[in-house]
Amino acid sequence: MKILGIETSCDETAAAVVEGGSRIVSNVIASQIDIHTRYGGIVPEVASRQHLLTIISVVDQAMTEVDWRDINGIAVTIGPGLAGSLLVGVNFAKAVAMAKKLPLIGVNHLEAHIYANWLTSSYQSSPFKDGETERMNCGVYFPCLCLIVSGGHSDLVLMREHGHFEKLGRTRDDAAGEAFDKAARILGLDYPGGPAIEHAACSGTPCLPLPRAWLQGSQDFSFSGLKTALWHLAHKGGVSVADAAASFQMAVADVLVTKTIEAAKQLKVEQILLSGGVAANKTLTQQFLVNSPVSVLIPPPHLCTDNAAMVAACGYYNLQLGKISGYELDVVPSLHIG
Ligand code: KG4
Ligand code: ZN
């Protein structure tokens, strides 16, 4: 069964065809980063206009090798995201579903991030610390604990079965990706901040004292205090950008890894699943690999950041559960998970 996925929630226009919820047949992403970089962040109106310009060619490209008669459903992100951007994808998907007489499947972008872990090019890390054999592509086992760390969300979600999401924790202020973007701005680095901080940190050491908000007794996260501490450090002067970037990155990783692993032990889950743009960060993933007592699934970087393959994979499982949308389907910019 092949699903065409469409993603336009933020600044990537993406379309992909995925077979059986896991095999990527095509995966096309038109990034708008170059356009938004000059403004230092995403300009919503510019983003939606750009989606309009590119969506037809992106879908055409994703369908190059695929016959429309082999497509069994159209999955599209309905939220969370920018309203104008979401509208482009949802209306396009509706039109195609209507014209081709295919089921329309509305998808929650956060659930889709989790489903990047079902794509077969996702890899499984080893739970072992001392160099024992890596177990590749072993699949996902329930119950699993999902950490979604993106530009807009930091959510800790327990998944006992397909389509069942129980939110355990969330950010109380900045999302992890948002914190990276703001930290980069403080340090005079480019947008998007995550890759810029990661790159700058390569030539530094995590030697600076930055705070960690543990929020004892809660599975929530908080990163705004860390951001403020970085601001004070940077404005005091005499601190290298590389060391500041490395210290910031380590502080974020430390909190995410420690709190997620603590919850995984308490809940006795089979696996930890990482997802969202921040899961592309190597310091974060290495810290998980070294410290987790259970195996950790981490999609490759291009499937951590926004893409439509994850939307198609999520759409496949929604369809299996009978979750089909009507033509009245609308965008939900503030949609949550769990
Ligand atoms: O999941 P995503 O592509 O879009 C949202 O749904 O928000 O996440 C984008 C976020 C941005 O804040 C970006 O700075 C961050 O992910 N990001 C990273 C890395 N790559 C992207 N953060 C840390 N390290 C990275 N390598
Ligand atoms: Zn995303």
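**Entry 1: before starting.** I am working from a predicted model.

**Entry 2: salt bridges.** I began with charged side chains. Side chains of opposite charge can pair when their charged atoms come close. My count came to nine salt bridges. I looked up three of them.

I took Arg-23 and Glu-19 to begin with. Their side chains meet in a salt bridge, at 2.8 Å from N to O. Is Arg-23 buried, exposed or partly exposed? I found Arg-23 partly exposed, its relative accessible area being 42%. Glu-19 is also partly exposed, with a value of 27%.

Next I went to Asp-174 and Lys-227, whose side chains form a salt bridge of 2.9 Å, N to O. Where do these two sit in the chain? Asp-174 is in the loop between strand S9 (164-170) and helix H5 (176-186), while Lys-227 belongs to helix H7 (residues 224-236). The pair therefore ties together parts that are 53 residues apart in sequence. Asp-174 has a relative accessible area of 5%, and I noted it as buried because the cut-off for that is under 20%. Lys-227 comes out at 18%, so it is buried by that cut-off as well.

I have Glu-178 down as partly exposed at 26%, and Lys-182 as partly exposed at 30%. Then I saw how these bridges connect: through shared partners, Asp-174, Glu-178, Lys-182 and Lys-227 make up one network.

**Entry 3: aromatic rings.** How many aromatic pairs does the structure hold? I get seven. One of them is Phe-180 with Phe-248: the ring centres are 5.3 Å apart and the planes stand at 90 degrees, so I call the pair edge-to-face. This pair links distant parts of the chain, since Phe-180 is in helix H5 and Phe-248 in helix H8 (residues 241-267), 68 residues apart. Phe-180 counts as buried at 3% relative accessibility, and Phe-248 counts as buried at 0%.

I then turned to Phe-221 and Phe-223. Their ring centres lie 6.3 Å apart with planes at 10 degrees, so this pair is stacked. Phe-221 and Phe-223 are both buried. I also noted a cluster linked by ring pairs, made of Tyr-115, Trp-118, Phe-142, Tyr-316 and Tyr-317.

**Entry 4: H5 against H8.** The Phe-180 and Phe-248 pair sent me to the two helices that carry it. Two packed helices are described by the angle between their axes and the distance between the axes. For H5 and H8 I have an angle of about 170 degrees and axes 11 Å apart. Are they roughly parallel or roughly antiparallel? They are roughly antiparallel, because the angle is over 145 degrees.

Which residues meet here? From H5 I list Ala-176, Ala-179, Phe-180 and Ala-183. On the H8 side they meet Phe-248, Gln-249, Val-252 and Leu-256. I sorted the contact residues by type: seven are nonpolar, one is polar and none is charged.

Methods
Residues numbered from 1 in each chain as written. Chains lettered and ligands numbered in written order. Predicted model: local features only at pLDDT ≥ 70, side-chain atom pairs only at ≥ 80, totals over all residues. Heavy atoms only, no water. Salt bridge = Lys/Arg side-chain N within 4 Å of Asp/Glu carboxyl O. Buried < 20%, exposed > 50% of the residue type's maximum accessible area, 1.4 Å probe, protein only. Helix = DSSP H or I, 4+ residues; strand = E, 2+ residues; numbered from the N terminus. Phe/Tyr/Trp six-rings, centres within 6.5 Å; stacked < 30°, edge-to-face > 60°. Axes fitted to C-alpha atoms, helices over the stretch in contact; angles between N-to-C directions. Parallel < 35°, antiparallel > 145°, perpendicular 65-115°, else oblique. Contact = heavy atoms within 4.5 Å. Nonpolar A, V, L, I, M, F, W, Y, C, P; charged D, E, K, R; others polar.
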